[in-house]
Amino acid sequence: MTRPDDADDRTRRAFLGTTVSLAALGLAGCSSDGGDGAGGDGGSTPTDEPTPTPMPTATPTDTMAPMTETPTDTPTATDEPTPTETMAAPDVPLLNYALTLEHLENAFYREGLEEFADDELMGADALSAFGERVRMEVPEYLRTVGAHEAAHVDAITATVEDLGGSPVAEGEYDFGYETPSEFLAVAQALENTGVAAYAGAAPQVVNNDVLAAAAGIHSVEARHASFLNLVNGSSPFPAGVDDAKSISEVLEIAGQFVTSEVDPSVYETGDDRPTHDRKAADDTTDVNVLNYALTLEHLENAFYLEGLEQFSDDELMNADALSDFGEEVRMALPGHLETVGAHEAAHVSALSDTVEQLGGTPVSEAEYDFGYETPSEFLAVAKALENTGVAAYKGAAPTVSNDAVFSAAIGIHSVEARHAALLNEVNASSPFPAGVDEPKTMAEVTEIAGQFIVGE
């Protein structure tokens, strides 16, 4: 395993690289091509990856209803403002909202990891049902999560300053935990709230570079939440589409821990806010993007249908890949895989319905050869597919113009990240290998998917 201090240093260096890129561009970041989600541990630490954002909107979706069309108006220029004024400055309140949450999470992990020794964390009552492997991983993984939150603070702070804004400062907090188990429970609550916060804010981000960075952090928060749900005895992925919360809802939750004064005016965006800048500089339509996503969801759906039919629960629980895990993880895995399969099937239905509602023709399921022969190989392919799905949604989301479609896509994006975190874990990889998830282009993902498609 990677030493925590090394992981911290690498993550901070990556974000410092981001800040340099931002300063050079005068914007909030630039998108980058991702690492190979089909072959690695779900992505490598980005070097010229953008930075984050958030704000309110989006409705919770625990069920997979079709993504209803809500046409958006094309933005029009008036006084020819500079690119920074038009594309970046309006997002300063959203960046400060994200920064408020990241300050809170950063302080939470910093204080908790100072208070509890590794032995205390590993011996937490909440972990008593887990075997030695998971219990020993918890302190290191918590340090990695803490390093991610610290790096998010640094990057967002630098970006707000680059845009001429004043970054909000860290507050004073009382997290209320007294035992290691209570610390883990609060961590779970904070990470899941972070997922909902980014999902709620993303649709109102103006600058597409800020949005791309926000999507990469959103999915990392989901990876954190997936692992913390697991060790707290909850489902790593409780819904097929992640919930979204507004700024007011999130600040009310955060306010339970904040003991210092908070000025809500720093999060106000105003009524004269420009329209978002989502759209690629090509002829890719929302129907094109939806059919692209549907191609992946068909593939994943078929993968789980075939694999769960081929392998019994006993075969999956006794896969060689799980030999180091205790009974708690092994016995829960078949049920978790069935849930993932149900999510992918629901995504197929929702995407197909939405394409039809927008006047398009949904792509059909193809014929596939996934190449696995053993339960362990099945789990390895699952890991590759889910991490590729994360990179695909991140790469495509900033080119979706329709707000309702975008909100649903970002909610699926984080669920794919939750899936990937669990699949990474059972394949002996970090659930959250980078502080910001990397994107892949449609061409890159199509090439990866093509390795499994044998007929259409």
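**Chat about charges and helices**

Me: Hi! Quick one to start: how exposed is Asp174?
Reply: Asp174 is partly exposed, with a relative accessible area of 48%. Keep in mind that this is a predicted model.

Me: Where is Asp174 found?
Reply: Asp174 is in the loop between α5 (132-162) and α6 (180-201). Asp174 also belongs to a negative surface patch, together with Glu111, Glu114, Glu115, Asp119 and Glu120.

Me: Which element gives the largest share of that negative patch?
Reply: That would be α3, with 3 residues. The elements giving two or more residues to the patch are α3 (92-115) and α4 (118-122).

Me: OK, on to salt bridges. How many does the structure hold?
Reply: There are 9 salt bridges. One of them pairs Arg110 with Glu170, whose closest N and O atoms are 2.8 Å apart. That pair links distant parts of the chain, with Arg110 in helix α3 and Glu170 in the loop between α5 and α6, 60 residues apart.

Me: And what does Arg143 pair with?
Reply: Arg143 forms a salt bridge with Asp118, with 2.9 Å between the closest N and O atoms. Here helix α5 holds Arg143 and helix α4 holds Asp118, 25 residues apart. Arg143 counts as partly exposed at 29% relative accessibility, and Asp118 counts as partly exposed at 32%.

Me: What about Arg223 and Asp437, buried or exposed?
Reply: Arg223 is buried, at 0% relative accessibility, and Asp437 is buried too, at 2%. Their side chains meet in a salt bridge of 2.9 Å, N to O. Arg223 sits in helix α7 (residues 208-231) and Asp437 in the loop between α13 and α14, 214 residues apart.

Me: Changing topic: why is α6 called largely enclosed?
Reply: Because 18 of its 22 residues are buried, α6 is largely enclosed by the rest of the structure.

Me: What span should α6 have, going by its number of residues?
Reply: At 1.5 Å a residue, the 22 residues of α6 should span 32 Å, and the end C-alpha atoms are 31 Å apart, which agrees.

Me: Last thing. What is the phi of Ala428?
Reply: It is near 65 degrees, a positive value in a residue other than glycine. Most residues other than glycine have a negative phi. Ala428 lies in the loop between α13 (403-426) and α14 (442-450) and is exposed, with a relative accessible area of 53%.

Me: And Ala408, buried or exposed?
Reply: Ala408 is buried, with a relative accessible area of 15%, and is found in helix α13.

How values were computed:
Residues are numbered from 1 along each chain as its sequence is written. This is a predicted model: local features need pLDDT of at least 70, side-chain atom pairs count only at pLDDT 80 or more; totals for chains, interfaces and linings use all residues. Side-chain values use heavy atoms; hydrogens and water are left out. Patches are made of residues with over 30% relative accessible area and no salt bridge: like charges are joined within 9 Å, nonpolar side chains (Val, Leu, Ile, Met, Phe, Trp, Tyr) within 5 Å. Accessible areas come from the Shrake-Rupley method with a 1.4 Å probe; for residues, only the protein chains shown count as cover. A salt bridge is a side-chain nitrogen of Lys or Arg within 4 Å of a carboxyl oxygen of Asp or Glu. Lys and Arg count as positive and Asp and Glu as negative; His and the chain ends are not counted. The place of a charge is taken as NZ of Lys, CZ of Arg, CG of Asp or CD of Glu. Helices (H or I, at least four residues) and strands (E, at least two) are DSSP runs, numbered from the N terminus. Buried means under 20% relative accessible area, exposed over 50%, partly exposed in between (1.4 Å probe, protein chains only). The expected span of a helix is 1.5 Å times one less than its number of residues.
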